[in-house]
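Let's take a friendly walk through this structure together, starting with its ligands and ending with its helices.

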Amino acid sequence: MTVVSPVRPAVGPNDPGRVVVVGAGMVAHRVVEQMLARGEAAAWEITVLGDEPYLPYDRVHLSEFFDGRDADALAMGPSVWDDARVTLRTGDAVASIDRDAQEILTRAGVRVPYDNLVLATGSWAWTPRTTGIELPGVVSYRTLDDVTALRDWISAREQQLGRPLRGAVVGGGVLGLEAASALQRLGAHATVVEFADRLMSVQLDEGGGETLRVRIADMGVDVRLGTGATRLVAAPDGAVGLLVLSDGSTLDVDVVVFSTGIRPRDRLARESGLAIGERGGVVVGPTCRTSDPLVWAVGEVASYEGVCAGLVAPGNAQADVVVDQLLGGTSEYAPAPEGTKLKGVLHDGVPVEAASFGDVNALTPGALEVTFADPVAKTYKKLVVSDDARTLLGGVFVGDAALYSSLRPMLGRNLGADPSAFLAPEGGAAVPSADLPDDVVVCSCANVTAGTVRGAVTEHGCTSVADVKKCTKAGTVCGSCVPLLTKLVNTQLEASGVEVSHAMCEHFAMTRAELFALVRAEGLRTFTEVVAAHGTGRGCVVCKPVVASILSSLGVGHVLDRANAPLQDTNDHALANMQKDGTYSVIPRIPGGEITPEKLAVIADVAREYGLYTRITGAQRIGMFGARLEQLPQIWKRLVDAGMESGQAYGKSLRAVKSCVGQSWCRFGVQDSVGMGVQLELRYRGLRAPHKFKVGVSGCARECAEARGKDVGVIATERGWNVYVGGNGGFTPRHAELLAEDLDDGMLLRVIDRFLAYYIRSADRLQRTAPWVADYPGGIVELRKVLVDDTLGICADLEASIAEHVEGYEDEWAATLADPARLARFASFVNAPDTPDPDLAYTPERGQVRPARPGEASDPNPVIARTIAVRPSDVELEDAL
Ligand SMILES: Cc1cc2nc3c(=O)[nH]c(=O)nc-3n(C[C@H](O)[C@H](O)[C@H](O)COP(=O)(O)OP(=O)(O)OC[C@H]3O[C@@H](n4cnc5c(N)ncnc54)[C@H](O)[C@@H]3O)c2cc1C
Ligand code: SF4
């Protein structure tokens, strides 16, 4: 027998002596890392014993094994094992603990004495006692050996059978979905079998689960909900061949992955008489001590208040507590709220996004749910807030989880804006980021606060996100906080005068403006061409809409064409603006607010026939609300036939030009503001930009068209027109600033052409003109030099690109109606195209209809709903008397 650690003198304050860690996994690594970081001066020795034959590896990124990351590449910070005070022994399981003798015994017969023992044995992958579980081709998904076995089995069996394999994953949680994606990557077909009624049933609510099911099905994965595996039957050659489900159905299978949960590996602790939790796990208190003061437990094997963690963040927090305690500190473990983000699930190389945190089912008394679901874009977002709609209690995001990283740290805090504003397709409210309080935990996996991130820049001299990651460990585990981390670091760097990278996302290492210039210069025409020339990977929810918008601004194809359609934002998918009940608005263009009686009659007919709620919009148009997806083409056909066209109330493009009545009718008017409004609207209609933009034209300085609240404001003067730019309403109102004065009609158009073309080329993604003008180096003064005095010599080119746009304009709806492939997208239910959504319900209001609230008299057909008799309100009764 060998003794690896020499006997050493007594243990004193701040001197943990011989620390032995059983289990060489993620949390054990954290213990060692923290000891090295914190206990520099202390005299201690640490021995880590693991049964797996590898250096401790990053289990969270286990699926990347299929992308070629082997044991070495997955190894976690291996430099810690070089320290003379650290001994790592792998490939030898600890067989028993002798607490009286204060030593452990390994299977190979090695005895290791300890002064302090830390149990970090993690979990094992639990599988139900299904008959046939031992058949060849049935695997778990927990260790490097598991994924190696899966890869080897698939490749050997595929060769043997001479066809792609049929795979099943039992368990539709986050790991099961990761495993299904891995099966696909290995060339097998995957079916996910889940006992609950939805995928990720622990983390998602019903709506989120359903949206995720649709997205997973889109990957080509079959999803079987509400049923479980009861039996596995062997094929004639003895390998797994059939999976029998609890609903009586069967699946032909060649490979089965079980991902049905985990159980703490507490056998050693049990056998040595330590207290064990009711549901397993080694009982620990806030100091992470077990029932023996010399034995500690951390990570998935530790049971704190009856719960064993299933994520790495609590384990890391416990490791920090134990190290602090061992070094004489007093810190204690307090579980932090957890969030979960799906990862490693790819559809055509693009991650399928699903994430949640907090009270996802709104179980807190009085909790309110604010939901935005888009069945066309297949996204679902929900915020759960307190009864006064101020405090964030939870969030669910499927299809687009960009908000997860920014909002999760706000859990339990004041949101600072109307919750619905965060969820609107155009993301109205600024998501809290750079101004987060110092105590907010940004990275929950590594327990790093906003203050620590800022301190890494200001006190530790970090000059990049990579530096901050290295210094604080933030963003190094699951990676879901990286977008927020990046914003925080960049803001702090900028405040410190350091130049920062503005890479658009992980796929494009340049800004939107730089990419725009490249796409334009090289005449690229599809996302595939753009990513091949200037990016990596297959894109994400950040870069795809940006490329779509750039291509649209450059007039490349219709937004619903085959290559462009999958890139588009929510509203562009339907060429309509989605409303709160999932129906759409129909808003034809009405230049200058002028409309003939004939067109009005068509609008009236359509609204009456389809039961659409109708009103004059703030932009002097007529909006019809409540059209179902499948009704949009029929409605638009009627409007287009009557000479109307898309008002593009949905696109990131010109919305409308608002004008006052002007010189023609008004006593004060000094120019024809309506005529100019019409001219501008017809010139810039359909012009796609980084964000929507609006224009206003007033016939005199009285400003009845509120032009200075618009992106481009035109105000008549005695000598011509003044043009103002960068105005905005909404959350951060801003008055437009004067760009040029007393322009004649021709020069006015040229200056606006230049401004819009320059903005489209150089703004950041989703940046409206107001922040673009505000952020322009030198502000409006410099902008004036470029756009009026042409100091950069680019004005002719800017004007030419608008001329090209005017030349190439076509009405998006007319072009859609002329193309059956584009029209095919307008079905609410793919397998029942004529079936309306049964969840719609309308109630009458002021002679029209609106979506009904729970308990109100309603009808799914808005035409019928208009005629429902409702009891007059008390006020109406009083008035009538
Ligand atoms: C595919 C996959 C994806 C995941 N994704 C995420 C994620 O996105 N986010 C997240 O937070 N978590 C994720 N997890 C969970 C995360 O990996 C665990 O929470 C974390 O690894 C727990 O760390 P641990 O040290 O407690 O246990 P482990 O990392 O499991 O380490 C325990 C080690 O102890 C060894 N051991 C056990 N008994 C003995 C013994 N008697 N003698 C010697 N050695 C022993 C085990 O073999 C193992 O190597 C994922 C897990 C998997 C499998
Ligand atoms: S802005 Fe001037 S011209 Fe236009 S309506 Fe008002 S007062 Fe009349």
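Which polar side-chain atom lies 2.5 Å from an oxygen atom of ligand 1? That atom belongs to Asp 51. Before going on, a word on the ground rules: this is a predicted model, in which local features need pLDDT of at least 70, side-chain atom pairs count only at pLDDT 80 or more, and totals for chains, interfaces and linings use all residues. Residues are numbered from 1 along each chain as its sequence is written, chains are lettered from A and ligands numbered from 1 in the order in which they are written, and side-chain values use heavy atoms, with hydrogens and water left out.

Back at ligand 1, the backbone takes part too. A backbone N or O atom of Val 312 sits 2.8 Å from an oxygen atom of the ligand, and a polar backbone atom of Met 26 is 3.3 Å from a ligand oxygen. Pairs like these count as polar contacts when two N or O atoms are within 3.5 Å. On its own, ligand 1 has 990 Å² of accessible area, and the protein covers 95% of that (areas by the Shrake-Rupley method with a 1.4 Å probe). Helix 1 (26-38) and helix 4 (174-185) are the elements that give two or more residues to the shell; helices here are DSSP runs (H or I) of at least four residues, numbered from the N terminus.

In total, 29 residues surround ligand 1, the closest being Asp 51, Glu 52, Arg 142, Glu 300 and Val 312; to be included, a residue needs a heavy atom within 4 Å. By class, this shell has 14 nonpolar, 7 polar and 8 charged residues. Here Ala, Val, Leu, Ile, Met, Phe, Trp, Tyr, Cys and Pro count as nonpolar, Asp, Glu, Lys and Arg as charged, and the others, Gly among them, as polar.

Finally, follow helix 20 (residues 745-762). Its axis and that of helix 13 (residues 512-522) come within 7 Å and cross at roughly 105°, so the two helices are roughly perpendicular (a label for angles of 65 to 115 degrees).

Key:
Axes are lines fitted to C-alpha atoms, for helices over the stretch in contact, and angles run from 0 to 180 degrees between N-to-C directions. Angles under 35 degrees count as roughly parallel, over 145 as roughly antiparallel, 65 to 115 as roughly perpendicular and the rest as oblique. A polar contact is a pair of N or O atoms within 3.5 Å; within protein, one must be able to donate a hydrogen and the other to accept it, and residues adjacent in sequence count only if both atoms are side-chain atoms.
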